[in-house]
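Morning, everyone. Let me put the model up, and then we'll go through its helix packing and its core.

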Amino acid sequence: MDERERVGGITTVTVKLDEAVAIEARRRAEDGKRARAVLSAEDRWYTYRLPREEAARVRAAWRAEVERLRLAGELLDTLDVLGAFGVRAELRARGWDRRWPPLPPEAPAEKGRWPGSRDRRYTGSLTLRLPAELAAQTRAGCWDVSKEAIAELRRWRDCNPGTVRDVEQLRLYEKHAASITTPGDIWRAAIRRSLTIAPSAPS
């Protein structure tokens, strides 16, 4: 799961995860689109034959209402919205919804693989366009809680180049790797959290 590009305040991430979870996330986004269509048909959003200024106020109110529902997790009408809601909730649950120190040069590159990443055989994937600030906050949090374990893992690799078969050394590697939280771990947890705590339709 790599952060792939940052354009205009958006960071695109590809989330590798179980296919069943990816399918459920897509289904929930489609349900959200249908719910948005039902909401938009309510009389209060009707602008036909309204004076232009009043119609503009109604359209602005509709946009504000959609944003309110999205931030509350009551309208997850795109995968991007579902993902961002889950990331915010996951960061809050971990106490990571705060300002972090700037990433140092030795932190993993934005598009690079994190030390300790596992080669699990995930069968599904989702592409999310997240607010760049949210993606950066996630990456900074991962670095801050994992930097000591990453340093240990890098030292381990310096001492163990090439293929390692020694059982004790492999156990040591696993110990360090288990102490590392990668952005991919957060993206997967965020999707699961969205599907678990957000209601299926707006109230």
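Start with helix 1 (19-40) and helix 6 (183-197). Their axes come within 10 Å and cross at roughly 50 degrees. That makes helix 1 oblique to helix 6. Angles under 35 degrees count as roughly parallel, over 145 as roughly antiparallel, 65 to 115 as roughly perpendicular, and the rest as oblique. Axes are lines fitted to C-alpha atoms, for helices over the stretch in contact, with angles from 0 to 180 degrees between N-to-C directions. Helices (H or I, at least four residues) and strands (E, at least two) are DSSP runs, numbered from the N terminus.

A word on the source. This is a predicted model, where local features need pLDDT of at least 70, side-chain atom pairs count only at pLDDT 80 or more, and totals for chains, interfaces and linings use all residues. Residues are numbered from 1 along each chain as its sequence is written, and side-chain values use heavy atoms, with hydrogens and water left out.

Back to the pair. The crossing of helix 1 and helix 6 is left-handed, meaning the near helix is turned anticlockwise from the far one by less than a right angle. Who meets whom here? From helix 1, Val21, Glu24, Ala25 and Arg28; from helix 6, Ile191, Ser194 and Leu195. Contact means heavy atoms within 4.5 Å.

Stay on isoleucine 191. Neighbours within four places in sequence aside, isoleucine 191 touches Leu17, Val21, Ala25, Leu82, Gly83, Leu126 and Leu128.

Ile191 is also among the residues with the most contacts inside the largest nonpolar core. That core has 33 residues. Others on that list include Val15, Val87 and Trp187. A nonpolar core is a set of buried Ala, Val, Leu, Ile, Met, Phe, Trp, Tyr and Cys residues joined through side-chain atoms within 4.5 Å. Buried means under 20% relative accessible area, exposed over 50%, partly exposed in between (1.4 Å probe, protein chains only).

Which element gives the largest share of this core? Helix 4, with eight residues.

Helix 4 (132-159) has a partner too, helix 5 (residues 167-178). Their axes come within 9 Å and cross at roughly 155 degrees. Helix 4 and helix 5 are therefore roughly antiparallel. This crossing is left-handed.

Last stop, tyrosine 46. It sits in the loop between helix 1 and helix 2 (52-71). Buried or exposed? Tyrosine 46 is exposed, at 53% relative accessible area.
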